[in-house]
Amino acid sequence: MTVENEDGDRQRDHRHHEAVLDLMRDETVVDGDFDDAVRSITETAARTVGCTFASIWLFDDDGDHVRCVDRYDSRTDDHTAGTELHAAEYPTYFEALRTHRSISAVDACSDPRTEELESDYLEPAGIDSLLDATLRADGDVIGMVCHEQLGECREWTDAEIQFAGDVADVVHRALRNHRRAERRRELEFRQSLLEAQQEAMPEGVLVVGDDGDVLSWNSKFRDLWDLPRDALEGSCDGEVFEHIRPQLSEPETVLTPDGNLVDHAAETSHDEVVLEDGRVFEVYSTPVRGDDDEQYGRLWIVRDVTDRTERQEELELKNRAIDEAPIGITLSAPDDDNPLIYANEQFEQLTGYAREDVLGRNCRFLQGDRTEPEPVDELRAAIEAERPSTVELRNYRSDGSEFWNRVTIAPVANDDGDVTNFVGFQQDVTERKEATRQLRVLHRVLRHNLSNQMSIIRGTAEQLLEEPSATEAAAETIIEEADQLLGFTDKHRAIVRLLSERPSTKPIEIEPLCRRLIRTVGTDFPDAEVTLEGESRATVSAIPDIETAIRELVENGLAYSDRSPATVAVRVDRGPDTVRIRIIDDGPGIPEEEARILTGDQSVEPLYHGLGMGLWLVYWIVTLSRGTVTVEETGSDGTTVRLELPRTDDRG
């Protein structure tokens, strides 16, 4: 080799070296501005080697194809990109890239490593020679730098091959710096986003490292605990909790001896803490872990839930008040059929229906055969008009028993004025309704009998004036009528007392009561026969006046008997839950109008028989004892009246 050739080689090597150094110092390469970096690299490579094209190609993640990210044409000074080559179409070429550091093809169309490219890539572009240098990362080919010559075949020198490899290293560095810059920008973005999110959160946020050092916090956390800034900057969680401890009402039950809120750093905790000033904070804490489950620190989130706690306590108090209210309360949805969505405990007790059996149903299931249509129509009209209404109607419990229900409904509207529900109030007014009805009857009965008896007494007195000889008979009549009148008023007073005082029930033994009653009746009816039959050793739940009711029925049977001697049998039978007491007489029977008194079906009409007031007394004593009265039989052969009272003695 001549001196001139050696000098030329040294100059080329120097030029190559300087070009590589310039590229490595290029700002776009250093900063990772990859789009601008590849343009500088392809221009420098083409100019330094003196080739027609210089291009940079990158493989996809799977290595299935390679794509040109920049191609510089030294003839036109243009940059293009986008051409793709697929491994499936050029397997030999792709294999050569994977197994060679570089490919230097003098005649690319005949070189066995590149001849596959002839028809699709080389000939259309007029490429005669090419020099590829691969980009590698961790031993894998990730791309290549390609130098291409048009118009003539070219012998690539060792220096040019080395230069191509150095350029590939520069491209790799630019790509690596680009990806680092992207990760850095992503981390900066995420950090900024995290800080923005933390500041935007309505809760206080504190992040501590695994070593306990405070990493980040938001102003809400500092404000909630009234912390000075230096209590957080450069501090550890123990120092932070030392500022928090005096604010807690019971720090010893909340903080661990180390000043933490949890005993185990790897656990998630969720607590509520009460402060000395009465505020309530919800404190949530959880470890921060990576994908490999390694713990890097701990996240604390603190929320002031004082208002929520107060509202919840207020709501719970209201709910408890509604659940335990002494009247039935329901809530229905404003759908076509107004199904119930809530019923309180008193509604269950009032109607006998379990809550789960009524939800989703319309309240009409409480109606029955004797429910009047007028109040039902009024409720329906009120619902359609979305207005409140109150009615009283006859309803039926789950066991079929009747009760008078005072029902009030009212619409419930939201803030926009739209009706969202209907609230209903149910109150059992059976006793008041019945008492009012019965008192009206009783007063009319009393007035009727007062008028009748006083007319008799007055007429008898006038007879005394006109016929002095009738003194003895007249006196007996006056005494008899006066006694009956006193009896009426006594029974009327007793009924009014019962309805006013409504005495409580208590356990009463039947046998001693009946034997005492038989002795008392025997005094007034010495010729009568009164017997006690059946299972008399029974105990019932009744008001103390129950003895008066039984005696009234026995005395009625004896007083109106047309047989001698008159007989009455008191028969006691014990059932599983009740005791049945039958009073069986041999009299002429109770008139139908008066028999209806015992069942509570008597209409508000005056009675025309002196016996009526006593039967009213029987009815109310048994009713207030939670029992029933039934006239089983009545006629010329006698009457059987059955009292059924709750049983309280041993069921065995």
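Predicted model: local features only at pLDDT ≥ 70, side-chain atom pairs only at ≥ 80, totals over all residues.
**Conventions.** I number residues from 1 along each chain as its sequence is written, and I leave hydrogens and water out, since side-chain values use heavy atoms.

**Entry 1, the chain.** I counted 19 helices and 24 strands in the protein chain, taking helices (H or I, at least four residues) and strands (E, at least two) as DSSP runs numbered from the N terminus. Of its 652 residues, 43% are buried; here buried means under 20% relative accessible area, exposed over 50%, and partly exposed in between, with a 1.4 Å probe and protein chains only. I then looked up contacts (heavy atoms within 4.5 Å), and among those with a separation of 6 or more, 53% are between residues 24 or more positions apart.

**Entry 2, a sheet.** I followed an open sheet of five strands in the order S9-S8-S12-S11-S10, with antiparallel pairing, where two strands pair if DSSP finds at least two bridges between them. Its edge strands, each pairing on one side only, are S9 (214-217) and S10 (269-274). Neighbouring strands are turned by 20 degrees against each other on average, direction ignored; the axes are lines fitted to C-alpha atoms, for helices over the stretch in contact, and angles run from 0 to 180 degrees between N-to-C directions.

I looked at S11 next, and found seven of its ten residues buried, so this strand is largely enclosed by the rest of the structure. Six bridges join S11 to S10, with Ser269 and Ser285 as bridge partners, and the hairpin of S10 and S11 has five residues between the strands, including Gly278 with a positive phi of about 95 degrees. On its other pairing, S11 (residues 280-289) meets S12 (residues 295-304) over nine bridges, where Phe281 is opposite Asp304 and Val288 is opposite Gly297. This hairpin also has five residues between its strands, and Asp293 in the turn has a positive phi of about 70 degrees.

I checked the length of H16 (residues 510-524): its 15 residues should span 21 Å at 1.5 Å a residue, and the end C-alpha atoms are 22 Å apart, which agrees; the expected span is 1.5 Å times one less than the number of residues. Ile510, Glu511, Leu513, Cys514, Leu517 and Val521 are buried, and they fall within an arc of 155 degrees seen down the axis, so they line one face of the helix. That arc is taken over the directions from the helix axis to the C-beta atoms. The face turned away carries the exposed Arg519 and Thr523. Among the elements covering the buried residues are helix H17 (546-559) and strand S21 (567-574).

Leaving out residues up to four places away in sequence, Ser536 touches Ile510, Glu511 and Val572.

I define a nonpolar core as a set of buried Ala, Val, Leu, Ile, Met, Phe, Trp, Tyr and Cys residues joined through side-chain atoms within 4.5 Å. In the largest, of 45 residues, Ile546, Ile550, Val554, Ile581 and Leu643 touch the most other members, and helix H19 (residues 612-624) gives the most, with nine residues. A second, separate core of 30 residues includes Val38 and Ile56.
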